[in-house]
Amino acid sequence: MTENLNIPAPAAKPAISEAFAALGLAQPLLQAVADLGFTQPTLVQQAAIPKAMQVGTEGHEYTDLMVSSQTGSGKTAAFLLPVLHTLIEQQEARDAQERADWDRQVAEAEAAGKPAPKRPKRKNPLLARHFKPATPGALVLCPTRELAQQVAHDGIDLVKHCRGLRIANVVGGMPYQMQIAKLQNADLVVATPGRLLDLQRSGQIQLDQVQFLVVDEADRMLDLGFADDLAEINRLTARRRQTMMFSATFAPRIQTLATRVMRDPQKVQIDTPQDRHVNIEQRLYWCDSPEHKRKLLDHWLRDAAIDQAIVFASTQIECDALAADLQQAGFAAVALHGALSQGLRNRRLMALRNGQVQILVATDVAARGIDVPTITHVFNYGLPMKAEDYTHRIGRTGRAGRQGLAVTMAEFRDRRKIGEIEAYSQQRIETQTIPGLEPRKPVYEFNDDRRGGRGGRQGRHGTGRNEGGFRGAPHHARGTGEGARVGFSKPAGSGGPGRQAFGDKRARHQDSKSFAGKGRASR
Ligand code: AMP
């Protein structure tokens, strides 16, 4: 009798995408891209990768790129793939040279009748006597720790089939010694500027071998006051042959930075403000008071369509208080902001990623760079300081081609800010109300007073349908009329392990007197 051992067949390797292969990327990168399930390059990848790969070819001693692209568009792979491609080619050339030198030494020894030479022993870089400062060939600068970690993580995924190519992540708030150890022999370093310059000044890293410099989210870099650090890094990496700058906009201050750090850059502009975020539905709810706003949030958080959500707060204090309240109410909620230790921020992000956390209450800086495809909803509970942060916030949902919903709650005093956001994104955010939770003032009064928008006013008796002839209103905007509440369909691929637990949490939450008790019936 034959025994059935039930040995599973080895999993087939995902097929290499022809579209990526056509870009001319090295085989190990094509394999990694296939493992990640990418079949087609995104628009920004199609536009930027071939241009970036021209560097070093005839007539392209330098190829600097200035790329305007939204987060969520695949921009990280757009800069990592061409840089890694060149690093791989250079490493292969070095390895081939070493092999040839070795073969020659062996042949010479044989010809002279001498014993074969011994291969030199590898030195342990962690021993102090073998210490050499890191000399990376590529440097990616990010404005925040979270983004730097995300980019390094994406890089590690992309080099998983490359032998000996090392990626290191240098961010403030992480133990210094551990980062120094990880830096050893790093080929590509992803860093926030402050910690990088600390390590450079203390002799742990030298930047004069950097050939490729990427400045990610350049607009945010300037917002966070990194202009001087960028100037210093620009000077330290003066021998580089490529600079790529990614930014949500080409605003004048970005152009000024570009002229300082780039040589005759080619521009790649993918998204216009009008067609950004087509897969994210945006809604606006007007509120009478903070209490009213809170009731709206409570109402929304009970929506069964939520897989995971980010609730944005304006301040760290508001962030902590709201997260504590939501936990009390039985939600798997945590706070994320810049005053928390980096270790804690990492643990909380990990818990979000692996589904243990359903609701992340965050400030703008902390949430930048979060890439979790199961985030279905973003709530703007406290409005952002700057209009462009709105765009970054809502980009936390609708990742990798999925659908997302961004809900903004604003009080009467916020109407100017709403106008600014709409002017910046050149989109009218559709106003809606929830039956039983309507503001006391008629909605048109809020809308009539919106300032700063480019498209004039909403009709007095607006129905919520792209009212008032606002120019640039997206064709996808779904006007539903005041009082209507459109069910949000769950994005494909949401759910999965851990979802049941959230269901339980919600059930508990509905019993909770402290939170759900303040139901909309009271209004
Ligand atoms: P980014 O704009 O770099 O933050 O990327 C957003 C998301 O898109 C990430 O989850 C990436 O893994 C994913 N992504 C990047 N490139 C592709 C692609 N060609 N196909 C599908 N997903 C992608």
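1. Four bridges join strand β9 (residues 308–312) to strand β11 (residues 359–362), and these two strands run parallel. The model is predicted, and accordingly local features need a pLDDT of at least 70 and side-chain atom pairs count only at pLDDT 80 or more, whereas totals for chains, interfaces and linings use all residues. Residues are numbered from 1 along each chain as its sequence is written, and side-chain values use heavy atoms, with hydrogens and water left out. Helices (H or I, at least four residues) and strands (E, at least two) are DSSP runs, numbered from the N terminus, and two strands pair if DSSP finds at least two bridges between them.

2. On the β12 side (residues 375–380), β9 pairs in the parallel sense over five bridges, where the partner of V311 is F379.

3. In general, the strands of a sheet pair through backbone hydrogen bonds, either parallel or antiparallel.

4. How many of the five residues of β9 are buried? Five of the five are, where buried means under 20% relative accessible area, exposed over 50%, and partly exposed in between, with a 1.4 Å probe and protein chains only. In a regular strand the side chains alternate between the two faces of the sheet. In β9 both faces are covered, with Q308, I310 and F312 buried on one side and A309 and V311 on the other.

5. Two packed helices are described by the angle between their axes and the distance between the axes. For α6 (residues 176–183) and α7 (residues 193–201), the axes come within 12 Å and cross at roughly 75°. That makes α6 roughly perpendicular to α7, since angles under 35 degrees count as roughly parallel, over 145 as roughly antiparallel, 65 to 115 as roughly perpendicular and the rest as oblique. Y176, Q179, I180 and L183 in α6 meet R195, D198 and L199 in α7, a contact being heavy atoms within 4.5 Å.

6. Helix α2 (residues 27–35) is mostly covered, with seven of its nine residues buried, namely P28, L29, L30, Q31, A32, V33 and A34. What covers them includes α1 (18–21), α4 (75–111) and α5 (145–158). After α2 comes G37, whose phi is positive, near 85°.

7. T42 lies in the loop between α2 and α3 (43–52) and is partly exposed, with a relative accessible area of 28%. Apart from neighbours within four places in sequence, T42 is in contact with S73 and G74; T42 and K75 are 33 residues apart in sequence and 8.5 Å apart in space, C-alpha to C-alpha. Q211, in the loop between α7 and β5 (212–215), is buried at a relative accessible area of 18%. Not counting residues up to four places away in sequence, Q211 touches L87, Q90, G137, R240, R241 and Q242.

8. How many disulfides does the model hold? The count comes to zero, a disulfide being a pair of cysteine sulfur atoms within 2.5 Å. C142 is buried, with a relative accessible area of 0%, and C287 is buried, with a relative accessible area of 0%.

Notes. Axes fitted to C-alpha atoms, helices over the stretch in contact; angles between N-to-C directions.
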